[in-house]
Amino acid sequence: VEGVPSMSVLNRNELYTRIVNAIQASNWQVLWPSSMAVVPLDLRVFHKDASVTLRIYIRNLTHGGKTRNKNEYRIQRQGDRFQIEKNFQTLVLGWWDDAGVFAGFDVRKHAGTPGNPSSIQVKKSTLRKAAQVGMAAHEKGNEEIAIAFRPELFMEYVNNLESLHDFGESIIDLRAFKDLLDDATKHDFVLKDDDLSRFSHQRRQTVVTIIRKIRESTFTKRVLSAYGHQCSFCPVQLDLVEGAHILPVAYDDSTDQTSNGIALCSLHHRAYDLGLITMDETYETMINEKRIQQLQKARRDGGVEFFRKSLRRHIRLPKAPNHRPLKAFIRKANELRGWSLH
Ligand SMILES: [Zn+2]
């Protein structure tokens with residue numbers, strides 16, 4: 001019914017699980033807490049050499065009720081005294097389950113006194129925008145902005161926390177950033193030096209990082225959905241499937257079109273990048289026999305029969321013809337990965 005907002009409300013355990021899933025979706029790892037019955041949630045997260053400890057306050061985002069503006073969503077503080085701890089990144093988050101997005105609020109503006117104000121708002125249109133393009137910002141006045149974002153941008157939000165909320169200090173920079181966020185998901189979008197020169201050095205770094213991540217996750221989403229989240233070399237789904245570029249990103253003519261992508265499980269992604277497997281222009285799969293022989297000599301060919309059997313004869317293709325790998329991309333990519341020399 002028009003005007004009655006839908007409101008899925010999750011319990012604390014479910015909210016915490018959404019956070020862990022989001023951290024993993026942003027390619028970071030997490031040490032699970034010993035208890036999920038605590039407020040706030042302290043979490044150690046890491047990626048390669050980097051690690052951060054998060055202190056997280058999270059509530060459901062809900063509509064304020066009949067008397068409030070339809071566009072206004074909020075978290076209730078319920079007496080939370082957001083405490084900023086040294087050596088922690090303190091996050092104040094809302095989660096809207098219906099759209100699958102977080103809203104991040106500036107803890108520096110709300111630390112200390114509990115219940116003042118008793119709720120913190122964000123616009124529904126900002127949440128919707130984030131669901132659509134990855135990240136969106138809402139100017140709340142008083143130099144405060146709320147940032148809404150999709151789960152796979154969780155760690156980009158964390159790693160650029162203050163810099164993102166500091167966009168509240170410059171409406172001009174904020175609007176320029178919003179324009180870029182609106183455009184970044186378009187497949188022919190290119191981030192130009194001109195777009196960046198208007199930002200200060202610190203903001204420029206944040207803009208580049210966020211836009212790059214949005215580009216990457218948009219590509220991955222498109223490719224995975226074209227291939228039904230299944231590896232094109234084997235039957236595996238299991239959320240072990242990644243979107244790989246056929247023409248490597250480092251190659252100047254590489255693009256983010258779906259036809260330059262292929263869905264690969266982690267094993268076959270690695271094997272493809274190392275030139276151990278590929279497909280030819282008829283989509284037939286190939287194994288690098290020369291490499292297998294080298295491995296046999298070095299006695300490191302264990303599992304090769306299992307590996308051979310795991311491969312389809314032809315790669316599995318997307319239903320839509322325009323999503324299938326372009327033959328010109330396959331030809332060039334095989335050359336760049338050394339296949340013409342094998
Ligand atoms: Zn596979």
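These are my notebook entries on a predicted protein model.

**Ground rules**

I number residues from 1 along each chain as its sequence is written, and because the model is predicted, local features need pLDDT of at least 70, side-chain atom pairs count only at pLDDT 80 or more, and totals for chains, interfaces and linings use all residues. Side-chain values use heavy atoms, with hydrogens and water left out.

**Entry 1: the whole protein**

I started with the overall picture. The protein has 11 helices and 14 strands. These are DSSP runs numbered from the N terminus: helices are H or I with at least four residues, strands are E with at least two. The C-alpha trace spans about 70 × 45 × 45 Å along its principal axes. I then looked up burial. Of the 342 residues, 48% are buried. Buried means under 20% relative accessible area, exposed means over 50%, and partly exposed lies in between (1.4 Å probe, protein chains only). I also looked up contacts, meaning heavy atoms within 4.5 Å. Among contacts between residues at least 6 apart in sequence, 63% join residues at least 24 apart.

**Entry 2: the zinc ion**

Which residues coordinate the zinc ion? I found Cys 231 (SG), Cys 234 (SG), Cys 265 (SG) and His 268 (ND1), at 2.1 to 2.4 Å. Donors are N, O and S atoms within 2.8 Å of the metal (3.2 Å for Na, K and Ca); water is not among the atoms, so sites may look incomplete. The spacing of the donor residues in sequence is C-x2-C-x30-C-x2-H. Cys 231 and Cys 265 link distant parts of the chain, 34 residues apart. Cys 231 is in the loop between α7 (201-226) and β11 (241-245), while Cys 265 is in strand β12 (residues 261-265).

Why is the arrangement called tetrahedral? The four donor atoms subtend angles of 96 to 118 degrees around the zinc ion, so the arrangement is tetrahedral. The rule for four donors is that all angles lie between 85 and 135 degrees; four count as square planar and six as octahedral if opposite donors are over 155 degrees apart and all others between 65 and 115; anything else is irregular. Ideal angles for four tetrahedral donors are 109.5 degrees.

I checked burial here too. Cys 231 counts as buried because its relative accessibility is 0%. Cys 265 has a relative accessible area of 6%, so Cys 265 is buried as well.

**Entry 3: aromatic rings**

How many aromatic pairs are in the whole structure? My search gave nine. Rings of Phe, Tyr and Trp (its six-membered ring) pair if their centres lie within 6.5 Å; planes under 30 degrees apart are stacked, over 60 edge-to-face, and the rest tilted.

Phe 149 and Phe 154 are edge-to-face, with 6.0 Å between centres and 70 degrees between planes. Phe 149 and Tyr 157 are stacked, at 4.5 Å centre to centre and 20 degrees between planes. Both Phe 149 and Phe 154 are buried. Tyr 157 has a relative accessible area of 0%, so Tyr 157 is buried. One aromatic cluster holds Trp 95, Phe 102, Phe 149, Phe 154 and Tyr 157.

Next I looked for charges over rings. The rule is NZ of Lys or CZ of Arg within 6 Å of the ring centre and within 35 degrees of the ring normal. Arg 55 lies over the face of Phe 88, 4.6 Å from the ring centre. The charged end of Arg 203 sits over the ring of Phe 167, at 5.0 Å from its centre.

Is His 165 buried or exposed? His 165 counts as buried because its relative accessibility is 2%. His 165 lies in helix α4 (residues 161-165).

Asp 106 is in the loop between β7 (101-105) and β8 (119-123). Its relative accessible area is 3%, so Asp 106 is buried. The side chains of Asp 106 and Arg 108 are joined by a polar contact of 3.0 Å.

Methods. Polar contact = N/O pair within 3.5 Å; in protein donor to acceptor, adjacent residues only side chain to side chain.
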